[in-house]
Amino acid sequence: MPAAAHSSAPDRDAGPADPAEIQAMRVDLAAAYRLIHRLGLDDSIYTHISARLPGGGHRFLINPYGMRFEEVTPENLVTVDIDGRVLEDPMGLGINPAGFTIHSAIHAARHDAICVLHTHTVAGVAVACQEEGLLPLNQWSMQFAGRLAYHAYEGIALDLDERARLVADLGDKPVMVLRNHGLLTCGRSVGEAFKLMHNLERSCRAQLALQAAGAPIIRPSAAVAAKTAGQYAAGYDRVALQGAPDSEWAAFKRMLARTDPDFAQP
């Protein structure tokens, strides 16, 4: 999605929040955690998906530290403020400070980053270790042409000073490769952040498969890559800015209703 469109998301922090909207956010975030697990994109009890709650106060939902992603439900999510201070913790497990360091920096700097999703997958880490990073070689990866940022590895994210550098590197992009570390997406909704990550992960897997095959590579032109990125961006914008139904996200949640029927329950 182009920067201008991506940054023009509605102000969800204006005015009091509807309890039904808050519960819908909880269900969506629990769904994202379950889907990341179901697709094999989780890393034990590590990595995170955070979501900004609607209404004032800059409150965020994140997973309880120590629970696996398939254990997350709408009701056991932890509520924290922008500095990672725990406001509500139903399980009494707290959060992983290193995890929220990255997320809090982006949420603070990017009002449009309603959901921030971070993974450590084999494919994502492998591409993050490659000098050229993600290559626009197929339809999945071309959607990120001109929309992908990079951030150099500085160690486990415990140093708060890193936040400014991470935000500067991200700029207005919706997707970032964390060098030697993993992948990150920012969405104007939980569904958007998940779909971006789903496509980013598949892009990395396809790149590694192609490189392993050793066959000559057809490289699309920069113009074709830019056109493809714009086409994908228009689809994301129709949902985020024009209120079109998010059919893909709804389909993923229907799948969960069949395979993980407790994903939306306390």
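What covers the buried residues of helix α6 includes helix α3 (97-109) and the strands β6 (148-151), β7 (175-178) and β8 (182-187), where covering rests on contact, meaning heavy atoms within 4.5 Å. Helices (H or I, at least four residues) and strands (E, at least two) are DSSP runs numbered from the N terminus. The model is predicted, so that local features need pLDDT of at least 70 and side-chain atom pairs count only at pLDDT 80 or more, while totals for chains, interfaces and linings use all residues. Residues are numbered from 1 along each chain as its sequence is written, and side-chain values use heavy atoms, with hydrogens and water left out.

**Helix α6**

- The buried residues of α6, which spans residues 162-170, are Glu 162, Leu 166 and Leu 170; buried means under 20% relative accessible area, exposed over 50%, and partly exposed in between, with a 1.4 Å probe and protein chains only.
- Just after α6, Gly 171 takes a positive phi of about 60°.

**The sheet and the helices against it**

- Eight strands form an open sheet with mixed pairing, in the order β4-β3-β2-β1-β5-β8-β7-β6, where two strands pair if DSSP finds at least two bridges between them.
- The edge strands of this sheet are β4 and β6, each of which pairs on one side only.
- Neighbouring strands of the sheet are turned by 25° against each other on average, direction ignored.
- Strand β5 (residues 115-119) and β8 run antiparallel and are joined by five bridges, and His 118 stands opposite Leu 184 in β8.
- Helix α2 lies across β1 (49-52), β2 (60-62), β3 (78-80), β4 and β5, and runs at about 165° to β1; axes are lines fitted to C-alpha atoms, for helices over the stretch in contact, and angles run from 0 to 180 degrees between N-to-C directions.
- Helix α6 also packs on the sheet, where it touches β6, β7 and β8, and its direction makes about 155° with that of β6.

**Salt bridges**

- With a salt bridge taken as a side-chain nitrogen of Lys or Arg within 4 Å of a carboxyl oxygen of Asp or Glu, the count comes to 15 salt bridges.
- Arg 26 forms a salt bridge with Glu 88, in which the closest N and O atoms are 3.9 Å apart. Arg 26 lies in helix α2 (residues 19-38) and Glu 88 in strand β4 (residues 86-88), so the pair ties together parts that are 62 residues apart in sequence.
- Within this pair, Arg 26 is buried, with a relative accessible area of 10%, whereas Glu 88 counts as partly exposed at 43% relative accessibility.
- Arg 34 forms a salt bridge with Asp 262, the closest N and O atoms being 2.9 Å apart. This pair links distant parts of the chain, with Arg 34 in helix α2 and Asp 262 in the segment after α9 (247-259), 228 residues apart.
- Arg 34 counts as buried at 2% relative accessibility, while Asp 262 counts as partly exposed at 36%.
- A network of salt bridges links Arg 34, Asp 260 and Asp 262.
- The side chains of Arg 85 and Asp 81 meet in a salt bridge at 2.9 Å, N to O; Arg 85 counts as exposed at 51% relative accessibility, whereas Asp 81 is buried, with a relative accessible area of 11%.
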